[in-house]
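Morning, everyone. Please have a look at the model on the screen, and then I'll walk you through it.

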Amino acid sequence: MKIYWSNFSFISLLLLSFASWGCGSDNLQDFLHCISLHSSNHHSNSTLIHTPSSSSYPYVLNFSIRNLRFAESHTPKPVAIVTPWQPSEVQATVICCKTHGLQIRTRSGGHDFEGRSYVSNVPFVLIDLINLNSITIDVDNETAWAQSGATVGELYYKIGEKSRTLAFPAGFTASIGLGGFFSGGGLGMLVRKYGLAVDNVVDAYLVDANGKLLDRDSMGEDLFWAIRGGGGGSFGIVLAWKLKLVRVPPTVTSFAVHKSWDLNAAKLIHRWQYVAPKVDEDLFITARVTASNSSKEGGRVMKASFFSLFLGKAAELVSLMKKAFPELELKKEDCLEISWVEAMAFSASEYVSPENLELLLDRTPLITGRYKMKSDYATKPISETALNGIWERFKIEELETVQLILIPFGGKMNEISETDTPNPHRASHPIHIGYYVTWHRPDADSRHLEWTRELHDYMTPFVSRSPRAAYMNYKDLDIGRNNEDGIPTSYDEASVWGYRYFGINFERLVEVKTKVDPFNFFRHEQSIPPAGGIQAKMASCPDVSY
């Protein structure tokens, strides 16, 4: 998708931005001079700046806001939104924001669970990468270049156009932006066969805190390691990623099996823990328990669901399931033999239909509203008694929709060292857990947020510990945040949340940050801090010296 606006020049639009911010003309001229020095292209349609005074601003800002908790009138807004078309425009924005005391937020798909890709409590510019969305597939070399503003679904679609035997281990949701997805590690239905998404990233283009455009060779292996799972908004702005495509058979098999809630469904969830992380790596089975209120059926309705991707045909899958998970009673008529890209469309449709591949190109999420996500990892199966405590909490009727999401690791994940990328949760963390709650009414915020915290507290004895692990892409500010109001964050303070996301890799991430961004230009509530707590100056209006 491309967003067009008026024929104002880049400089004219910046003038409007600073006028709306209320800064003096001398500072404005200095800023414009900065842009002139550092931007290589001044064509009127090459870079688009949207300001609060423009009619396009609300649309551009809100288009990629997925969590309506962060779309309120009181939510802090950017002083300008930059939608660049080429790297030099990102470079110029970084250089001039740094010089003029403005923070940057970078958004690719807008799925940040805490809204940190488009919200800040200090004056900031939003760089929205929506126009940097090209994808190039090289079938002969089994690689792809994908820009950060492209989505998971667009990547799947482009691969499917070129080949039915190549794939990539990305996520479940088609509208997720690749930039944020890769920055946090990225897991999906091929995780047991090929690992996380970042395990298959082989190069990248990044704009650093000095506005330099770097590839893997010029950034060095430490920084390349850090950007593949160390979290977005800490080390620079990754504009594009080179991916190693993976091989899949021309026919794969998917199933979606739903069980109405009863004692047997509860036992199936418990049994799943012993099967899914240990079964053949060609088989991925995720399990979900969903509870919501139904006017049609009356009262609270719960169900257990099992979704699969198998790299083979249905007969082989049914045979495998009879041995490994006979309790599910899978039948061949439950299975769909389709291509890999059709299986991804099936997942994107919430397992309704694999036929509409165009759904992969739709940036509109299937679910909108207000939501909160928290994560855990289980190092061993959770007892039936402990699981029953979850189910009791799911039955609270004042809640809207709550969901437990269970994702199995094992397979390839057991072969990858916890230090290969910043994501340490591998062989020792075989079950990934997500707690997801959605609602619609703003006045229900406090109750739903409180419930997620209560559930998370309840799970403490049953999940990983020392530290209690969390997944970077399920960002959760409840587990800790950096200091605000210009107060530098120490290593010990950031360790509170940093070790939960990154384990022993947190120390190396701090070392990389200290080397590449020692004055902490790229920062937010859960960004990696530099050692020593040095922090770049943030000004209410530009304070420029050249």
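Some ground rules. This is a predicted model, so local features need pLDDT of at least 70 and side-chain atom pairs count only at pLDDT 80 or more, while totals for chains, interfaces and linings use all residues. Residues are numbered from 1 along each chain as its sequence is written, and side-chain values use heavy atoms, with hydrogens and water left out.

Helices (H or I, at least four residues) and strands (E, at least two) are DSSP runs, numbered from the N terminus.

Now the sheet. Five strands form an open sheet, in the order β5-β6-β10-β8-β9, with antiparallel pairing. Two strands pair if DSSP finds at least two bridges between them. β5 and β9 (213-214) are the edge strands, and each pairs on one side only. How many bridges join β8 to β10? Six, between residues 201-207 and residues 237-244. One detail there: L206 has V238 in β10 as its bridge partner.

Two helices lie across this sheet. Helix α4 (residues 87-99) lies across β8, β9 and β10, at about 140° to β10. Helix α5 (residues 152-162) lies across β5 and β10, at about 35° to β5. Axes are lines fitted to C-alpha atoms, for helices over the stretch in contact (heavy atoms within 4.5 Å). Angles run from 0 to 180 degrees between N-to-C directions.

Next, helix α13, residues 384-394. Which of its residues are buried? They are A386, L387, G389, I390, W391 and F394. Buried means under 20% relative accessible area, exposed over 50%, partly exposed in between (1.4 Å probe, protein chains only). The cover over those α13 residues includes α10 (263-275), β13 (283-293), β14 (300-310), β17 (401-408) and α14.

On to the loop between α14 (445-458) and α15 (491-502), where T489 lies. T489 counts as buried because its relative accessibility is 7%. Its side chain reaches the backbone nitrogen of N483 at 2.9 Å. P467 is found in that loop between α14 and α15 too. A cis peptide bond joins S466 and P467, with omega about 0°.

Last, backbone angles. Most residues other than glycine have a negative phi. E142 is partly exposed, because its relative accessible area is 22%. E329 has a positive phi near 60°. E329 sits in the loop between α11 (314-324) and β15 (335-338). At 52% relative accessibility, E329 counts as exposed.

Conventions:
Polar contact = N/O pair within 3.5 Å; in protein donor to acceptor, adjacent residues only side chain to side chain.
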